[in-house]
Amino acid sequence: MSIIKVELLPIKPQNGLMAFACVEINNQFYVSSIGVHKRRDGLGYRITYPIRKEQEEGQSIPAQERRLREYADRKGLIVDRVYKITESSTKDSRKEFERILIDIRKSKETIALVADTIDRVQRSFKESVVLEDLRKQGKVEIHFMRENLVLNLKSNSAELLRWDMGVMFARSYVLQLSDNVKRSKEQAVKNGNWIGLAPLGYIHVLYEHGEKNIIPDPERACHIVKLFELYATGNYSLLKLTEEAAKVGFQTKKGKKIAKSQIDSILKNPFYCGMMRTKYGLAEHHYKPLISTSLYQQVQDVAAGYHKKPHKKISEPFILRGMIACAHCGCTVTPEIHKKRYIYYSCTNAKGICKKVYIREEPLVESLSQYFDHIALSEEQIAEVTIYLKKIHESESLFHTESLTALRKEQDRIQKRINQMYDDKLDGLIDEKMYLDKVRDCKARQTEIIEQMARHEKADHNFYVTANMVMNLAARARKIFESSEVDEKRQLLNFVFQNLKLDGKNLSIDTCEPFTTLVDYKKSPKGWGKLDLNQGPAGYEGGRLSYYPIPSNRYE
């Protein structure tokens, strides 16, 4: 049995009846007025369908064909060809209908197109435009049997208006069905139901009482979780994950290997952490999540470039590995070991436009070590900065208090609005949909306010801690750097410096904030608050010591 078309029309529930449906079976039987009832025990649904009545009324395709042949005999028309249009009239492309138009255009005589009703031929005005042109050209005479309507060159305005009215009612029926489907889908999303096939890692199940559900796939769910956990470490690329999936035998539901693009889609799909992405936006679903929200967010951060480990751990320690770029071509400056003991750096010349210049690691490291002196403040300068910070903190505390007060007032106003809207809904002043939409917006704003209040409190608590840590670190940075191991040296360099570039044998150094501000302050002759950012040491440009010379050539 082949069901060609199914249309569902929900109605206001009456004595258990919830909707009417109609189907077309095997291109022969058109069954309408199928009743969809809710079972009394609440376990599923039942349907009632008057097959005999519909067949007696002539709704099946053979019955329609028989009736149309009888009509053609009465009108003295010769049946040349029979077209059975089973495709939906709402589709953009209708092959059977296009065949009818082609045959009409090819014919040198006027063709009589006989249909049972208007909605069997068309349910939109786009077909009317084409058929109207053919009618005006005398290429076609259209017979709609049930409407007792014949359209040809001699048709008057009343007959054409009846045609338009028939098309309008047919189109209205289609639009109502479409609206009902859209409303049911939107309501399903609000209820947390997923529309469509379950994502990889989940399967559809049908319980004995007729209820459908989506549950984790016992064979593949563990592999999905493992993909998220491995990628969150930052040590696995999509290609590496594809290889790992192949090793453990992770396959699609069709038994094929998982492709890299599929893994990328899996890692970006919030369905696995309890949210689903729909045309109505991001919504929470009621199915069992496979991973936590924090793990999903961690994976998104890694994919965006955060917290990635850009280099694999190797046996040989290189202090400046991955930190310096070539000033000429932008390629990475990489280390090499010569004579099994000396470390040299040079541009990879990946673009083929640079001349290979080697420079030892020691002078590069010493130049950075000496630069730490530019961010170290004297005791007098630290005392001056402390006084300045106290003044800032007084105004900061006032701003902090005013901000928290304003946020609390807004929080109270929003809660009052929610309470008022609930009363309005009970009184019938607003409908359920408007109430839910407004409450969702208010709740989202309340969440933002809570986060803002937490940030204000945390910022106030960390004000002195952060300032003191930076100044103490700046004062002892060189000593810490020179006495630490390679890993500690790398951490300190990444914390203080950025955008290191090598131009020949000159190293361009750029500091991160707040160390750039400390350098500016230290070189300012007029103290804090009157800082001229254009002033600085020789070769210094806006927080950056351009082309800092290598200390000596004793390492050559």
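In which helix of the protein chain is confidence lowest, and in which is it highest? The model is a predicted one, and its confidence is lowest in helix α1 (residues 51-56), with a mean of 42, whereas helix α8 (residues 260-268) has the highest, at 93. Over residues 528-548 the pLDDT is below 50, although this stretch has 58 contacts in the model beyond near neighbours in sequence; residues 552-556 also have a pLDDT below 50, with seven such contacts. Where pLDDT is low, the predicted coordinates should not be read in detail. The protein chain as a whole averages a pLDDT of 78, and 75% of the residues score at least 70.

Helix α3 (residues 95-106) has 12 residues and spans 17 Å from its first C-alpha to its last, close to the 16 Å expected at 1.5 Å a residue. Its buried residues are Glu96, Phe97, Ile100, Leu101 and Ile104. They lie on the same side of α3 because they cover an arc of only 145° around the axis. An α-helix has 3.6 residues a turn, so residues three or four places apart point the same way. The cover over the buried residues of α3 includes β5 (111-115), α4 (125-136) and β6 (140-144), while the face turned away from the buried side carries the exposed residues Lys95 and Lys106.

Helix α4 also holds Arg135, which counts as buried because its relative accessibility is 5%. The side chain of Arg135 is joined to that of Glu132 by a polar contact of 2.7 Å. Leaving aside residues up to four places away in sequence, Arg135 touches Val140, Leu151, Asn152, Leu153, Ser155 and Leu160.

How values were computed. Residues numbered from 1 in each chain as written. Predicted model: local features only at pLDDT ≥ 70, side-chain atom pairs only at ≥ 80, totals over all residues. Heavy atoms only, no water. Helix = DSSP H or I, 4+ residues; strand = E, 2+ residues; numbered from the N terminus. Expected span 1.5 Å × (residues − 1). Buried < 20%, exposed > 50% of the residue type's maximum accessible area, 1.4 Å probe, protein only. Arc of directions from axis to C-beta. Contact = heavy atoms within 4.5 Å. Polar contact = N/O pair within 3.5 Å; in protein donor to acceptor, adjacent residues only side chain to side chain. pLDDT = per-residue confidence, 0-100.
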